[in-house]
Amino acid sequence: DYYVKDWAENFMIVIGVDDVDAWHRHANAVAGSGAFDGVRVTPPESVDGARVLHVIDPSGVLLVFVQ
């Protein structure tokens, strides 16, 4: 395995989706399942006319879902 904490905590992936609210429900279900420690999910928000969801994965990578 190769893991550099500073890289993971300063890395983000932007993913275009059709339904941010559905992804929010899914991310909350995954986070609530306890299968992955350290997952953090914020509520969707409006940013410059887009709907945006932020999820931080267990390694610290920021996943940005944009509708």
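**Close-up 1. The largest nonpolar core has nine residues in all.** Its members are Ala 8, Val 17, Val 20, Ala 27, Leu 53, Val 55, Val 61, Leu 63 and Phe 65. A nonpolar core is a set of buried Ala, Val, Leu, Ile, Met, Phe, Trp, Tyr and Cys residues joined through side-chain atoms within 4.5 Å. Buried means under 20% relative accessible area, exposed over 50%, partly exposed in between (1.4 Å probe, protein chains only). The elements α2, β4 and β5 each give two or more residues to this core. Helices (H or I, at least four residues) and strands (E, at least two) are DSSP runs, numbered from the N terminus. This is a predicted model: local features need pLDDT of at least 70, side-chain atom pairs count only at pLDDT 80 or more, and totals for chains, interfaces and linings use all residues. Residues are numbered from 1 along each chain as its sequence is written, and side-chain values use heavy atoms, without hydrogens and water.

**Close-up 2. Arg 51 and Asp 21 form a salt bridge.** Their side chains meet at 2.6 Å, N to O. A salt bridge is a side-chain nitrogen of Lys or Arg within 4 Å of a carboxyl oxygen of Asp or Glu. Arg 51 lies in strand β4 (residues 50-56) and Asp 21 in helix α2 (residues 20-33), so the pair ties together parts 30 residues apart in sequence. Arg 51 is partly exposed at 27% relative accessibility. Asp 21 is partly exposed too, at 32%.

**Close-up 3. Ala 8 has contacts beyond its sequence neighbours.** Neighbours within four places aside, Ala 8 is in contact (heavy atoms within 4.5 Å) with Tyr 3, Ser 59, Gly 60 and Val 61.
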